[in-house]
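The following exercises concern a predicted model. Work through each task with the coordinates open, and then compare your reasoning with the solution.

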Amino acid sequence: MDIHMENILDHWRNPRNSGIMKDADIIFSDSNPLCGDEIKMQLKVKNNNIKEVKFLGRGCSISQAAADLLSDYVKDKNLNDIKNIKNEEMIKMLGIEIGPVRIKCALLGLFALKKGIYLKEGIKMEDSNLNGQITN
Amino acid sequence: MLNAEKIKKEFPILSKGLIYLDNAATTQKPYQVINSMKDYYENYNANVHRGVYRIAVEATEKYEEAHRVIAKFINALPNEVIFTKNTTEAINLVAYSLGMKLKKGDEVVISLMEHHSNFVPWQQICKLTNAVLRIIPIDENGNLKDFEKHINKNTKIVSITHASNVLGTINPVKEIIKKAHEVNAIAIIDGAQSVPHFDVDVKDLDCDFLAFSGHKMLGPMGIGVLYGKQEILKEMKPFIYGGDMIKEVNINDTKFNEIPWKFEAGTPNVSGAIGLIEAVNYLKRLEMNNVFSHTQQLIKYFLETSSEITNLKAYGPKEKNGLVSFKLGRLHPHDMSAFLDELNIAIRGGHMCAQPLVNFLGEAAVARASFYVYNTKEDVDKLVKGLKKVKGVFKV
């Protein structure tokens, strides 16, 4: 088995950042109706920087591992920088080839995170506003 | 049992080692079907019911023959067979033509195990007309629960699937139709999963309508069938207006054509109808009782050989039609399906276009292996071996 796939399965089996966060500053839930993947992103924010990240979810290995990897990636990052994370960055973190069918699984956590940050600023974002960079 | 090894050789797509187990979604096509359509396009492609030149006459004759062949297959009259795009369009035809006449307080009865194609049209028509949508629940074995309790004097339409595309349940449609007729309701049967698998006789069932798709029974995509009793069809308003469905058009009004043409507006899918003739001929040669017993044996063999896989849970009643839906621990069916794809095995994972049912099962998605005439025991062996591999890799 591919080492990157091993890594994904490891994050799926033993997520490092999964759990309930009390007193979160930003909470946003999103789902993919087609596959039933669900992700809830929870953030603690200080001075516009992310201090803590936890996610709750259920679904396929790619959606869950992506959310877990993303949680590590965005810690201590500025909210505005997170808005600019490209879809390719997320796919690079996963390290495997993501076909058109699974792209929504891979990006579910990232989209939930961005939508949550935008909503905190009073802006309601749809997938169509966020997926401009999807290439396939 | 059918000689599936031999049958498989007649399907070009299966010659490259593909183990195709998503037959409830669509079936593969034999040379016989593909060649008949190629022959039409290469030798007598012309529009029907119009030209007087030879190939136009030939195309028209063939298109009308398709109505006769399908009619005979389900024991109907040729003018009771309407070609549509698929089952969904067939059900929408009835929903818009008859359903729009519903009034406040009228009731439409469907069930929790309907495919979206027999769920959403009625849900929406009921919203438009203020009619009540009643949904027959299912029990823990995956059978309809007390259907008779939901059919009453206010019931105007009963639309039920003959066989579930998720659970494999074969519903007691004959009794349901009888009950519907006792209260003068129209009975519609969604035959998308039944007509491809066993003999369906509309006279015996006494259904008012039967809808099914060509592509789930070896035929091409884009051709579906709506059977309707001629006395009802004659009274019904068309669903789509345009060419070929008219007898005479004046500036102020139009006289509509005879049935079934009144319901087939516009240039029809002639090549699809021709392909469907050959699909039906193919199935008739195999004989439907053999088709049914073949998939029965594959289901039984799959359940037996997969029983040693712990955490594999199959859904639905003991007696299943053509398919088994299942789950393997907490593994998402898309992960399972993607992994099996690496082994050249195609199974379905998802909500199967039956979200209300899959949610009732407590899942967002399930996996489904569905069988047809070309599937062999060896295919099942490969699937079970693949599932064991998946289980090992994902440790579920």
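**Exercise 1.** Identify which residues of H3(B) and H9(B) meet, and describe how the two helices are packed.

*Solution.* Begin with the contact itself: from H3(B), the residues B:Ala59, B:Lys62, B:Tyr63, B:Glu65, B:Ala66, B:Val69, B:Ile70 and B:Phe73 meet B:Val270, B:Ala273, B:Ile274, B:Leu276, B:Ile277, B:Val280, B:Asn281, B:Leu283 and B:Lys284 in H9(B). Sorted by class, this contact has 13 nonpolar, one polar and three charged residues.

Next take the geometry: helix H3 (residues 54-73) and helix H9 (residues 270-286), both of chain B, pack at an angle of about 40°, and their axes are 9 Å apart. The angle therefore makes H3(B) oblique to H9(B). Finally, the handedness of the crossing of H3(B) and H9(B) is left-handed.

**Exercise 2.** Characterise the interface of chain A and chain B by its contacts and its buried area.

*Solution.* Count the residues on each side, which gives 15 of chain A in contact with 17 of chain B. Then turn to area: the two chains bury about 1,200 Å² between them, with 53% of it on carbon and sulfur atoms. On the side of chain A, 40% of the area buried against chain B is supplied by A:Trp12, A:Arg13 and A:Cys35, more than any other three residues.

Key: Residues numbered from 1 in each chain as written. Chains lettered and ligands numbered in written order. Predicted model: local features only at pLDDT ≥ 70, side-chain atom pairs only at ≥ 80, totals over all residues. Heavy atoms only, no water. Axes fitted to C-alpha atoms, helices over the stretch in contact; angles between N-to-C directions. Helix = DSSP H or I, 4+ residues; strand = E, 2+ residues; numbered from the N terminus. Parallel < 35°, antiparallel > 145°, perpendicular 65-115°, else oblique. Left-handed = near helix turned anticlockwise from the far one by under 90°. Contact = heavy atoms within 4.5 Å. Nonpolar A, V, L, I, M, F, W, Y, C, P; charged D, E, K, R; others polar. Buried area = accessible area lost by both parts, 1.4 Å probe.
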